[in-house]
Amino acid sequence: MKPAPTLLSSAFLQPAGQALPEPLLALRRQRGAALVDMPLPTRKTENWKYSSKYLKLTDEIAGSLPATGKTGSALAVPGYKVVFINGVMVPEASEYPDLNDILIQRFGDLSEAEANELAERLDSTLDTRTVQFAGLNSARFEDGLLIRLKPNAVLDKPLFIIHEVTASTSGSAFPRVFVDAGRNSQITLVEEYFSSGQEAALVNTVTEFNLADGANVTNIRLNMDGENVQHIGATGVRQQRNSRFESHCMGFGGPLRRHDLQVWLEGEGAECKLNGVVVTQGSQHYDNHTTIEHVAAHCNSEETYRNIAADKSHAVFNGRIHIHKDAQKSNANMNNKNLLLSTGAEIDTKPELEIYADDVKCAHGATIGQLDEESLFYLVSRGIGRREANVLLTMAFINELVAQIPVDAVKDTMQTRLNQFFDQAFQEV
Amino acid sequence: MLSIKNLHASVEGNEILKGINLEIKAGEVHAIMGPNGSGKSTLAQVLAGNEAFEVTAGEVTLNGDNLMEKATEDRAREGVFLAFQYPVEIPGVSNLQFMRTAVNAMRHHRGEPEMNAAEFMKLAREVSKQVDLDPAFLKRGVNEGFSGGEKKRNEIMQALLLQPKLAILDETDSGLDIDALKVVADGVNALRSEDRAILMVTHYQRLLDHIVPDHVHVLADGKIVKSGGRELALELEERGYAWLGIREDDVAASSAN
Ligand SMILES: Nc1ncnc2c1ncn2[C@@H]1O[C@H](COP(=O)(O)OP(=O)(O)OP(=O)(O)O)[C@@H](O)[C@H]1O
Ligand SMILES: [Mg+2]
């Protein structure tokens, strides 16, 4: 007889914040009811097998964090910004344009009709059977951001969504974003997740994108949550004909870091480019699970992820490509390279290809390596200190991906942050 | 300046250097010749501090300081420079960033202020002209996709930037066309000075036409078997190594290269 699974504590099923239109409250109740018997993942759960041991959903962090606090982003923001504290928008701290063709609204401000329509569509970009924790967000979100771009609308500057978690007390936050990009519209969206405070907390996010024909969306996701904050996030993307989605996920390790990214290429000629960089040190963890569903024919996907693990940290990459039977002429490229900076670090990488069409091009490669001794000797033979040489070589492993971040201010901040991160990782060299 | 006494070194349990003795004074240029596999690069690498080689006996001092107990970066900061026979490619680190980091590490060691990006760029452009490398090479990854000759010029460029006390050039003349050989030789001659010593590993007399050595040594099977003036190089060019009693298979290996 199997032992009874441990269920998600009922303490997690008490949503706070009632300032939402009734259709969204109804959705929350419905999703909450569906979670009553949700088993927590264990190492027997395939998609959590390397990470379940890091999951610590204690009752202490179950309650909602208060929607107040000071705001201070780590980023220079060369664009528009919307600030959320613990999943609730702070209008006073936000600056974004009021346009006819690009509507940016918090969930709390939606009309009954708009909320109804949104409620129908929330979670529609994610397979909630494999992204278990999206359901928790849907049961608990207290606010959210709805961005709608009408056909041909182009947002002239990047929009930064700053998600701060104030972990000055223990608790949870449930940031939520839904983007509807109309035909041939364009937007660059930067999501920054960071924390203030040192207490144990959970941030559980869902971001969804719908790209109509010809839409062009760039998403930069910066996971920089605090050292006692567990982060379980998901991003779902549905793409129609000739649309293009580009993502840059920059992840810094923590006690638990999980990001699920699911992309559905549903219209012919759709294209996605997914870049990811993960760095971990100390006893940190980070787990990226990506899925690319090639549903329609003639779609391209290009995925490049790099993990760097120092000390006794642990990074996981699971990249799934699923080419459906009608997806002829699919072109899928997945590449994952990993760098172990210490013998105590662990990296698990797993490509998963499921191909049901016969006329496809699909390439994948994964490597795990260490810093090259010969390169290190070359650098120090020029008088460069060992610590600095190590940092240079480690940065070299990801420079190409950092350089592709299409917003300069973000790129510069990341470069600085990563340098600091590695400088710390090599302090004993 | 450099004093090597009874130096023995091995790699993976095989003894490669079997008792090297060599004295190089400031201002001198020494050439080391010898068959393939005789240990020339090993000597160069050991002097630079490559830990892949184990020093099992002997003593090396630079201006009286024990060199062997110093880490590679400290030797470099004290003025040891090795132009590699096979410079490594490092994609992801730009040549410019690499050279500036090196120059600033040296400046820092000497207590001088660091050079900012603009100052360094100016200097790097001048020096790259001196070795006839297009400044576009500064933007590329370190040695990434450089041709053999470009890599060698890049090594000389670093020597000119770092102004070492002891420059060890390991076959910096190999794989160069006639014009490039002249460029590299001019670079080396520019380094030549009263307070600097140069140790050149080469297989060819043709480099020595441009850079006239004060002493020539023949290294065979881990030992210096003959030393002489520049005329020794000419003699080797004419007669090969066999007259020195060097094993036939060594000679065969040498001429096959
Ligand atoms: N890392 C290593 N592992 C094993 N053997 C090595 C290593 N490095 C050098 N050797 C061996 O040591 C010997 C001397 O090599 P070295 O490179 O010093 O020769 P060399 O005189 O520079 O030759 P060449 O003229 O071909 O450059 C060779 O037999 C070589 O195979
Ligand atoms: Mg050699």
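Which residues does A:Thr290 touch, not counting residues up to four places away in sequence? In this predicted model, A:Thr290 touches A:Leu261, A:Glu303, A:Tyr305, A:Phe317, A:Asn318, A:Gly319 and A:Arg320. The threonine itself is found in strand S15 of chain A, which covers residues 285-294. A:Thr290 is buried, as its relative accessible area of 1% falls under the 20% cut-off.

A:Glu192 lies in strand S8, made up of residues 186-196. With a relative accessible area of 0%, A:Glu192 is buried. Its C-alpha atom is 9.7 Å in space from that of A:Met250, while 58 residues separate the pair in sequence.

Turning to the helices of chain A, a packed pair is formed by H4 (residues 373-380) and H5 (residues 386-403). Two packed helices are described by the angle between their axes and the distance between the axes. For H4(A) and H5(A), the angle is about 130° and the axes are 9 Å apart. The crossing of H4(A) and H5(A) is right-handed. On the H4(A) side, the contact is made by A:Ser375, A:Leu376, A:Leu379 and A:Val380. H5(A) contributes A:Arg386, A:Ala389, A:Asn390, A:Leu392 and A:Leu393. Sorted by class, this contact comprises 6 nonpolar, 2 polar and 1 charged residues.

The covering of H4(A) can be followed residue by residue. Of the 8 residues in H4(A), 6 are buried, and the helix is mostly covered. The buried residues are A:Ser375, A:Leu376, A:Phe377, A:Tyr378, A:Leu379 and A:Val380. Among them, A:Ser375, A:Leu376, A:Leu379 and A:Val380 also take part in the contact with H5(A).

The magnesium ion (ligand 2) is coordinated by OG of B:Ser41 and OE1 of B:Gln85, at 2.0 to 2.1 Å. B:Ser41 lies in helix H1 (residues 40-48) of chain B, and B:Gln85 in the loop between strand S6 (80-83) and strand S7 (90-94) of that chain, so the pair ties together parts that are 44 residues apart in sequence. As for accessibility, B:Ser41 is partly exposed, with a relative accessible area of 24%, whereas B:Gln85 is buried, with a relative accessible area of 14%.

Methods. Residues numbered from 1 in each chain as written. Chains lettered and ligands numbered in written order. Predicted model: local features only at pLDDT ≥ 70, side-chain atom pairs only at ≥ 80, totals over all residues. Heavy atoms only, no water. Donors = N, O, S within 2.8 Å, 3.2 Å for Na, K, Ca; no water. Helix = DSSP H or I, 4+ residues; strand = E, 2+ residues; numbered from the N terminus. Buried < 20%, exposed > 50% of the residue type's maximum accessible area, 1.4 Å probe, protein only. Axes fitted to C-alpha atoms, helices over the stretch in contact; angles between N-to-C directions. Left-handed = near helix turned anticlockwise from the far one by under 90°. Contact = heavy atoms within 4.5 Å. Nonpolar A, V, L, I, M, F, W, Y, C, P; charged D, E, K, R; others polar.
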